[in-house]
Amino acid sequence: MEEKEKVKENLQVVVFPWLAMGHLIPFFHLSKSLAQKGHKVWFVSTPRNLTKIPKIPPHLSSLLNLVTLTFPRKIPNLPLNAESAAEVPFAAQSLLKQAFDSLEPALADFLQSSKPDWIIYDYASHWIHSRAAELGISRAYFALFNAAWLSFLGPPLDLINGLDGRSSAEDYTVVPKWIPFESRLAYRYHEIATNIDREIDMSITNDSVRFGIALDESEVIAVKSRPEFEPEWFDLLGKLYRRPVIPVGFLPPVVEEDDDDVDWLGIKDFLDEQKEKSVAYVALGTEATLTREQLTELAFGLELSELPFLWVIRNSLDMLPGGFLDRVKGRGRVYVGWAPQVRILSHDSVGGFLTHCGWNSVVEGLGHGRVLVLFPMVNDQGINARVLSEKGVGVEIPRDEFDGSFSRDSVAESVRLAMVDDSGELMRIKANEMKGLFGVGDGNEFHLNQFIDFLK
Ligand SMILES: O=c1ccn([C@@H]2O[C@H](COP(=O)(O)OP(=O)(O)O[C@H]3O[C@H](CO)[C@@H](O)[C@H](O)[C@H]3O)[C@@H](O)[C@H]2O)c(=O)[nH]1
């Protein structure tokens with residue numbers, strides 16, 4: 001007689017993201033969803049990072065537990081108190097990886113004492129799989145990327161063994177040989193050159209190998225996307241990975257009401273004064289920073305667009321061109337610091353989103369039906385921009401392929417095309433339709449449940 005499959009109704013799960021806000025936040029959303037469905041979750045990170053994630057709702061506090069691993073203090077040249085990618089210059093990210101790698105013994109000890117059913121990990125912890133396997137803990141890699149970018153990345157064993165045939169930035173500007181159908185998916189030189197430069201520290205494991213191991217050593221690969229959005233890429237991933245690839249959906253964040261948030265109240269006042277769908281929200285994520293020249297062109301571009309905008313910057317206001325704030329007074333607002341992005345995007349006055357194409361930002365923008373102005377900088381962002389412009393939900397700001405330079409006029413024209421020009425109407429309609437796929441709703445819930453059923 002066939003043995004009945006064992007189903008465990010209440011799971012115990014350790015969740016361990018890479019040290020970056022764009023990773024901590026979606027891993028936290030997944031943790032919250034697991035806890036909401038009655039599973040016990042230990043969310044593991046370092047002290048400063050744990051202070052930056054959203055608050056745990058009181059009704060989940062018995063199921064969702066934060067676990068602190070001490071951050072190593074002896075990494076030479078790592079900026080003092082820096083614990084996440086946003087606090088370390090892009091070119092020095094290998095130092096943060098070095099610190100991250102030194103968390104291995106502490107995490108292994110925690111796994112031994114907590115003995116979870118599963119560990120859900122990120123791409124960077126290439127050392128945890130064998131430790132978890134020894135303890136009989138199941139392993140899931142949660143990929144915070146779309147299936148198109150994961151396909152572009154390639155077969156796991158080729159990544160581990162350096163057999164993907166790519167070493168220079170130019171190699172990433174062509175469609176990879178393992179994509180069997182017609183496609184134009186490739187980086188522009190400037191979008192990938194910075195990533196390649198970053199990989200020069202040979203003493204630590206490079207990102208390709210980390211990705212390869214994360215993919216190859218996991219029992220299931222959970223992808224923050226949906227096949228309804230990119231069916232052909234999910235089909236290809238199944239062939240490249242030869243193991244279960246499960247879409248977890250977009251995990252759209254729910255806007256939490258928090259009336260005490262003074263930052264939000266100031267922003268809300270500004271947005272309340274603007275017309276419906278008139279404001280371009282401009283924000284470029286937590287990792288890449290603009291040079292003074294880029295910041296200047298972007299500023300003049302927004303000024304020339306003559307449209308209302310809300311711009312979040314990580315640099316200081318002193319970097320902006322002289323007189324800029326006075327000239328855009330009333331219709332333009334610049335916010336320095338950590339903005340309540342999801343709440344902003346949910347405000348009716350916001351019509352478009354000038355984004356660096358970080359996957360979380362894209363999900364948040366399309367989840368609210370905002371049309372996108374695409375300004376990719378590093379990491380997966382260039383490929384995301386190709387996917388989104390092909391889908392017709394956004395327009396790329398034209399840039400020099402090699403050095404990434406762009407003009408203020410091209411910024412103004414792209415923003416106006418997306419937000420107000422008649423020729424951008426179809427793009428606005430398509431972006432608005434994406435609310436159904438990317439936003440809060442049954443479709444995303446269905447995929448999340450499928451993933452949880454798999455874990456059981
Ligand atoms: O002031 C801010 C800045 C950011 N965020 C949030 O922080 C997250 C940022 O994530 P994302 O938009 O993906 O950007 P990055 O932080 O740059 O994300 C990194 O991680 C992503 C997921 O792997 C990749 O797609 C990106 O390329 C990579 O740079 C989003 O949830 C934002 O809402 C805020 O709430 N307020």
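Helix axes here are lines fitted to C-alpha atoms over the stretch in contact, and angles run from 0 to 180 degrees between N-to-C directions. Helices are DSSP runs (H or I, at least four residues), numbered from the N terminus. The model is predicted, and local features need pLDDT of at least 70, while side-chain atom pairs count only at pLDDT 80 or more and totals for chains, interfaces and linings use all residues. Residues are numbered from 1 along each chain, and side-chain values use heavy atoms, with hydrogens and water left out.

**Exercise 1.** Work out how helix 12 and helix 17 are oriented to each other.

*Step 1.* Find helix 12 at residues 292–305 and helix 17 at residues 408–419.

*Step 2.* Their axes come within 7 Å and cross at roughly 45°.

*Step 3.* Angles under 35 degrees count as roughly parallel, over 145 as roughly antiparallel, 65 to 115 as roughly perpendicular, and the rest as oblique. So our pair is oblique.

**Exercise 2.** Say which domains line the second largest pocket.

*Step 1.* Take the bounds, from an automatic or database assignment: domain 1 is 12–252 + 441–455, and domain 2 is 262–438.

*Step 2.* Each gives at least three residues to the lining.

Key:
Helix = DSSP H or I, 4+ residues; strand = E, 2+ residues; numbered from the N terminus.
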